[in-house]
Amino acid sequence: MSTTGVVPAREQIEEVVTEASLAPSIHDTQPWHWFAGSGRLELFADPSLLLGAIDPDGRQLLISCGAALYYARLALRARDLVPEVTVLPDGPGYADLDMDLAGREPLATIHVSAVLPPDAGERALVTAMRDRITGRRPLRPAPVQATVVEELGQAAEAEGCWLAALDATDVDTMWLDTMDRHVAAGGTGGTGGTGMDAPGRSPTAPASPAAPAEARRPTVVALGTDADRPVDRMAAGQAVARILLTAAAHGAAARPVGHAEDIDAIRVRVRELLRSTGHVQMIILVGYPLPGGSPVEPARRRPTSEILTIVD
């Protein structure tokens, strides 16, 4: 669209970027920078925050930036602004994620095309964004309702991705050990780490009937894309953010386990289970947090002045 559309006020831009910074990211690195000017808001990767040892090709960095892009879209809708987004507007320059290039070419450009109040679904996601369930509390060892999983699948599809449920009883011991770090069996257990972290609070989990022993694990889903180009990884990041917020809107918690998909044995096993030729970008645990416990301290966010440049 033309850059002569609606131009948000400076205060709105600062608010939008501040809320976008609440997005989950690989080890909470928040590897992004925003540039505002000439009626557009541009998202860049911050190459200085690439975790080369665990994310050598920048896959999770791009997923993290995609999540921030979705949060920015939602923050604009919270202000009655309709975003029009172009991902990788300068073409396929990120084919190999040249980190020098990453700091100079935008990952996405946003223009505001209209003013329109958000609908009920968008308002629910905005509320969840501002008060999202933390990724650092153990989950109750029971699956979520099928209707919730269905809505998570719709959230993935809305961002051009797919979501497939995994039967935890079919997954090998290595994967279950990874997952068990996020689950409190019999009321005890560690919180583990998610690989992608964000601030938030944990609500009281709704009551649910007892599950048979073989089903006493959170729901496990795999988020995937048909290809594995940078644009697909950006789409996966937006889908991760939308899935997390959709789960939160239903009182559940979705926990991305990004590092699991970087382990060759787990990646091969998941593909075998799914019989898929696509690319699994993220494994996600979905469940209800255990009730009670102390509130989790929100993770520190980078100051808006550090991640935003505005040119009037």
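By contact I shall mean heavy atoms within 4.5 Å. Please note also that what you see is a predicted model.

With that definition in place, consider helix H4, residues 120-130, and helix H7, residues 230-249. On the H4 side, Ala 124, Leu 125, Ala 128 and Met 129 meet Leu 245, Thr 246, Ala 248 and Ala 249 of H7. Classified by residue type, this contact of H4 with H7 comprises seven nonpolar residues, one polar residue and no charged residues. The axes of H4 and H7 come within 8 Å and cross at roughly 95°. Angles of 65 to 115 degrees count as roughly perpendicular, and H4 and H7 are therefore roughly perpendicular to each other.

How does helix H5, residues 146-158, pack with H7, and at what angle? The axes of H5 and H7 are 8 Å apart, at an angle of about 155°; the two helices are therefore roughly antiparallel. The crossing of H5 past H7 is right-handed. H5 contributes Glu 151, Leu 152, Ala 155, Ala 156 and Ala 158, while H7 contributes Ala 239, Arg 242, Ile 243, Thr 246 and Ala 247. By class, the contact of H5 with H7 has seven nonpolar, one polar and two charged residues.

I turn now to the sheet. Four strands form an open sheet in the order S6-S8-S10-S9, with antiparallel pairing. Its edge strands are S6 (162-166) and S9 (253-256), each pairing on one side only. On average, neighbouring strands are turned by 30° against each other, direction ignored. Within the sheet, S8 (residues 219-225) and S10 (residues 279-287) pair in the antiparallel sense over seven bridges, and Gly 224 stands opposite Val 280 in S10.

Terms used: Residues are numbered from 1 along each chain as its sequence is written. This is a predicted model: local features need pLDDT of at least 70, side-chain atom pairs count only at pLDDT 80 or more; totals for chains, interfaces and linings use all residues. Side-chain values use heavy atoms; hydrogens and water are left out. Axes are lines fitted to C-alpha atoms, for helices over the stretch in contact, and angles run from 0 to 180 degrees between N-to-C directions. Angles under 35 degrees count as roughly parallel, over 145 as roughly antiparallel, 65 to 115 as roughly perpendicular and the rest as oblique. Ala, Val, Leu, Ile, Met, Phe, Trp, Tyr, Cys and Pro count as nonpolar, Asp, Glu, Lys and Arg as charged, and the others, Gly among them, as polar. Two strands pair if DSSP finds at least two bridges between them. A crossing is left-handed if the near helix is turned anticlockwise from the far one by less than a right angle, and right-handed if clockwise.
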